Amino acid sequence: MALILTDDQTQLRDSARDFLSEQSPVKALRQLRDSADADGFSRPLWGQFAEMGYTGVLVPESHGGLGLGHVEAGVVMDQIGRQLCASPLLASGIVAVTALKLGGSAAQQSAWLPKLASAQAIATLAIDEGGKHRPQRLATTARAEGEGWVIDGAKALVLDGHVADLLIVAARVGDAGTGLFMVDARAAGVTVERTVMVDAHNAARVRLQGVRVGADAILGTPETGAATLAATLDAGRCAAAAELMGLADEVFARTLDYIRQRKQFGRLIGEFQGLQHRASALYADLEISRAALIKAQQKLDADITTAGKAVAVAKARAGRTATTAVQEGVQMHGGMGMTDAFDIGFFMKRARVLNELWGDQHFHQDAFASHVGY
Amino acid sequence: MAEAAPVVADDTPELAAFRADTRAWLEANCPPEMRRPMTSEEDVCWGGRKFRFKSPAQQVWLQRMAQRGWTVPTWPQAYGGGGLSPLQGKVLAQEMRALNCRSPLNSFGIWMLGPALLQFGTEAQKLEHLPPIARGAIRWCQGYSEPNAGSDLASLATKAEDCGDHFLVTGQKIWTSYADKADWIFCLVRTDTANKHNGISFVLFDMASPGVRTQPILLISGASPFCETFFDNVRVDKRNLVGTLNKGWDVAKYLLGHERQMIGSIGDREAAKPLGLQAAAAIGLDDQGRLADPSLRAQIAEFEVDEAAFRLMMERAGDLGRAKQAHPALPSMLKYYGSELNKRRWELMMSVFGIDALEWEGERSHQGDRARTWLRTKANSIEGGTSEVQLNIVSKRILELPGA
């Protein structure tokens, strides 16, 4: 398959670009932050996401979605990255939907996918626990009791945790199993603490103390949980990579604009070779990372269970490239880049969070080496 | 017993039939010796008047492929090509790779001059020069750089004096690849001293002409692939001017694009076994199955992630080209990144093989193959326009930065 967008995907990109730049420019995030908004995102905008079909981009048509794939989901995430738009799309529309599609029974899917597609409910994955992403070393446990399960543990960086209706909690089951449990965010024993983050996007810490769920709360079985979790995480990583690449492209465009206009020593600073070569090297990184991203998205659509290596390349590259882009962005904007009044710092903050989310470049380069066999 | 050609999902029925025919023909016609990995530079067939075939199989393989036009599969048949469509050409390359067929012919004529002649040459020039390139009968070299015109190539001074029906060429070229082994040269010469870029012409002449002298240059790798080349009143018939007088820079730029793409993809052609697995074999794994040198492992993984991403970029560049969406200066970015990547590969390769990679002579090290290749790669980011020149081009033509 060619590593370029089809005509339909290009149309989706153009309409998402127009919609998001009009409805949710970067200043919308600034307003959410400065007003200490209780939700941390715009509910009217979230409703519009449902009308545009974004919340259901991955949901099958039979459950009220568009039934599209990860290339299309990535096209929307890319535009979200450009505008730094805060929304539960990544957590709910991509990751939770993927977990339900891969692990959910027909009844579980019918109960939740239509609500997620129509933005009537928000769901999120609760996976990380310590300072680093280590999905294979979960401390949270679920033990069978009576007809159901009892869950104990603590989760961090639960995206949109304080506004979520449904938590999909990853927990260790016995010595070898991994379970994905659907937990009502308001259930007894669940404590949600909103964490105000550096990037002004939503996250929470969640404590689970003797939380009881029914037998029908587990997605699949403890034997299939690890595979479902791995594929779900790959979908999330790839979408995060798309947001990173959109963000990085936008920072690069803004930085080029700036060095084409800013004068010092009687010259435009963009005339200086010291800046030109760094800008050109960054351009190479952006293009190369984008090629890797499209490949990973196509692999997810072809077979989500075997896309791990391609996703590792895409997420590692996107994290590194966006990190370079925001650092060069701040540096080339000089003192202006350090001011809160200027938007460029918002991009740096968001890039830091997205790079850490579900594995940074070190995690994914390590994973790549293990995939290859060394 | 011939294997059946694989079924490729994207193939149309016509392409699938072509794939099957191609596989069958290659099975029947590619000698077994030509399906083993090359072990040294001597295994490469360069063709030309002075070339000595290393084996009868090498000669037979060239003849059979040339007869079919498959040394230059996508050139028109009238010029010795195979007349294949781009997609058929891609299938042939895939099938040759699948059967480990060696390239029947390496040639600057194929990679560089041919595309330029197809674009800028007259019908007579195409008919005279392209078929001998396709047959491997004439080997070409490229006369571009001069002692005082390296990165600033357009300042070249080798002059061609107009003498009516011919030019007299006088001057010096340097870094002329394999000039001592080549039969003909395509050469940039100054035909107008008042105009820098618009005073250059692109001419062809026989290296056996009176007044041509070559002197190989010994490099840090111990090899001498490049020469100094001297011209003293060399007579060049005017029918061997390619394109318009004083517009040779256009031809040169077009051709450099091809050269850059070629150098940029060098690492890709060489990439046989992943570096990490070579390291695993040389250094060993710990009890967790990880390379027993964690710091080196991390560096190799970072490199291989970049290599994988770059390979996808090369694929995407082809797709963008076919969709007419590629920026014309994209090869400069690819050349920059690909050549820097290959240098990184060989720095890591030297770390992986350590002491064993340091021997310069003797059978054990295949005459210092690793050390010599490592040193050779240092030229990748110099030849065909330095990395810095490529970044200048990206700045100016793609990013449209001021004053670049």
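Two residues are said to be in contact when their C-beta atoms, placed from the backbone, lie within 7 Å. This tour applies that cut-off to a predicted model.

**Stop 1: one residue, Gln83(A)**

Begin by selecting Gln83(A), which is found in helix H4 of chain A. Which residues does Gln83(A) touch, once its neighbours within four places in sequence are left aside? They are Leu20(A), Ser21(A), Ser24(A), Pro25(A) and Val26(A). Is Gln83(A) buried or exposed? A residue counts as buried if 20 or more other C-beta atoms lie within 10 Å of its own. Gln83(A) has 23 such atoms within 10 Å, and it is therefore buried.

**Stop 2: the domains of chain A**

Next, colour chain A by its assigned domains: domain 1 covers 7-122, domain 2 covers 124-217 and domain 3 covers 225-372. Between the C-alpha centres of domain 1 of chain A and domain 3 of chain A there is a distance of 21 Å. Where these two domains meet, domain 1 of chain A contributes 21 residues and domain 3 of chain A contributes 25 residues.

Select the side of domain 1 of chain A that touches domain 3 of chain A. Helix H2 (26-34), helix H4 (70-83) and helix H5 (89-103) of chain A each provide at least two of its residues. The most come from H4(A), which gives ten residues. By class, this side of domain 1 of chain A holds twelve nonpolar, seven polar and two charged residues.

**Stop 3: where chain A meets chain B**

Show both chains. Their contact involves 31 residues from chain A and 38 residues from chain B. On the side of chain A that touches chain B, two or more residues come from each of helix H7 (225-261), helix H8 (273-302), helix H9 (308-332) and helix H11 (361-372) of chain A. Which of these elements gives the most? It is H8(A), with 13 residues. This side of chain A consists of 18 nonpolar, seven polar and six charged residues.

**Stop 4: a pair of helices across the chains**

Finally, select H11(A) together with helix H9 (residues 294-322) of chain B: their axes lie 9 Å apart, at an angle of about 85°. H11(A) is therefore roughly perpendicular to H9(B). To see the contact itself, display Gln365(A), Asp366(A), Phe368(A), Ala369(A) and Val372(A) of H11(A), then Arg297(B), Ala298(B), Ala301(B), Glu302(B), Glu304(B) and Val305(B) of H9(B). The residues in this contact of H11(A) with H9(B) comprise six nonpolar, one polar and four charged.

Technical notes
Residues are numbered from 1 along each chain as its sequence is written. Chains are lettered from A and ligands numbered from 1 in the order in which they are written. This is a predicted model: local features need pLDDT of at least 70, side-chain atom pairs count only at pLDDT 80 or more; totals for chains, interfaces and linings use all residues. Domain bounds come from an automatic or database domain assignment. Helices (H or I, at least four residues) and strands (E, at least two) are DSSP runs, numbered from the N terminus. Ala, Val, Leu, Ile, Met, Phe, Trp, Tyr, Cys and Pro count as nonpolar, Asp, Glu, Lys and Arg as charged, and the others, Gly among them, as polar. Axes are lines fitted to C-alpha atoms, for helices over the stretch in contact, and angles run from 0 to 180 degrees between N-to-C directions. Angles under 35 degrees count as roughly parallel, over 145 as roughly antiparallel, 65 to 115 as roughly perpendicular and the rest as oblique. A residue is buried if 20 or more other C-beta atoms lie within 10 Å of its own, exposed if 12 or fewer, and partly exposed in between; C-beta atoms are placed from the backbone.
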